Amino acid sequence: DDRDEAARISRAFRAQGSSLGAAYHADCAVRFETFANGRQRPSLAGGRRRGGGGDETLDDEARRAEAAAAQELAAPTTKTFLYLNDPDERRGGASRAGAPRYCKGDLWILANTALFESASSTGVRDKTKAPFAAAARALWHGPDKDGKMEIQLLCARPGVLSGDRRAHRVYAMRAQGSASRALAEHDAFASMTAASFPLLPHVAGAPIVKDREDVGVVAEDDGPKKPTDDDLDAPLSVSPSARVARETYGLNRDQAFAVSAALRATVEAARRVPVHERTVSPVRLVHGPFGSGKTKTLASFVVEVASRLRVENRPDFRVLITAHTNVAVDRLCKALLDVGFGDFVRVGSLRKMDPAVLSRSLHVAASGSRGGADENEPVLG
């Protein structure tokens, strides 16, 4: 019996705990529910009008736009829900490395056979009876107390699942790890636009702006020079503090080039220089093996760009530092503190921060703005 086989597989998955990196649910159902769209109809009162005297009517173009908008808003919306009926399967044992058991964007595989067979493997031709396997992703962060969770099918709706508001019995397997992360990364990239992410055109294809060789972003070794206000306030045709970066932070030539070019790109963005007039690409890659000074280079850039943006009078600009690990972020934060720069806020879990940067955490900063007590109180309390 298919149900007995599914129950056996479910118990085996739960016995393995988190080591399999996936979860099997034997008692599930899929239901499609249609909702009336209750969004407010948009007003086109600002559209063009024609006619004279008291006859004010929308022109044909505005009428067509209004009708199309009204039709779109009036169209019902069908949502897909997955029901995980067994509470024991929902609990299902410990998750891996403290990760949440369910996440928004999780990849689910649904089937009407316990072994996830497909019509091609069984030879059944009738789409209303044929076995199927379909991929879906979770739209909720997890099921509610009744096991209900909204999902989105990533393929055409199988013929077996015809009929709304009817519970279709299915078996479900949830994947963890790279599959779910790939979906999340795809969604994040697909939702980007040139307006929300201005660097998108620069990273999605061939270089749009190539570094010009005539701007001389790296100063030659022509003797020592102390940094002055003129270095920070120099026009774009002048090398933006490459020599200053080398002498102030002890950078070598390659490190100074990375800082200087990134600083120039930031200043051009702050001044809203048109893309076709920019001299360096706004996307910079600092590459090097362990111990080559990447963290030191990035810290030098952060300090220099903060100073330059103050000169540019751009208080609306911020520098966002991210990394794959808390250790990497903390290492850069400590490098900033080592050079005397503390104008930053460390965001993240207090328990995962290096003690050396706890005083710069968002929690401490928020407590200070509210007149909190000792800065260690959020950690010790």
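1. In α10, Thr295, Leu298, Ala299, Val302 and Val303 meet Arg331, Leu332, Ala335 and Leu336 of α11, where contact means heavy atoms within 4.5 Å. By class, this contact comprises seven nonpolar residues, one polar and one charged; Ala, Val, Leu, Ile, Met, Phe, Trp, Tyr, Cys and Pro count as nonpolar, Asp, Glu, Lys and Arg as charged, and the others, Gly among them, as polar.

2. The model is predicted: local features need pLDDT of at least 70 and side-chain atom pairs pLDDT 80 or more, while totals for chains, interfaces and linings use all residues. Residues are numbered from 1 along each chain as its sequence is written, and side-chain values use heavy atoms, without hydrogens and water.

3. The axes of α10 (residues 294-311) and α11 (residues 326-338) come within 9 Å and cross at roughly 60°. That makes α10 oblique to α11 (under 35 degrees is roughly parallel, over 145 roughly antiparallel, 65 to 115 roughly perpendicular, the rest oblique). Axes are lines fitted to C-alpha atoms, for helices over the stretch in contact, with angles from 0 to 180 degrees between N-to-C directions.

4. Six strands form a closed barrel in the order β1-β4-β7-β6-β5-β8, with antiparallel pairing; strands pair if DSSP finds at least two bridges between them. Helices (H or I, at least four residues) and strands (E, at least two) are DSSP runs, numbered from the N terminus.

5. Strands β4 (residues 77-84) and β7 (residues 148-153) run antiparallel and are joined by four bridges. Thr80 stands opposite Ile151 in β7.
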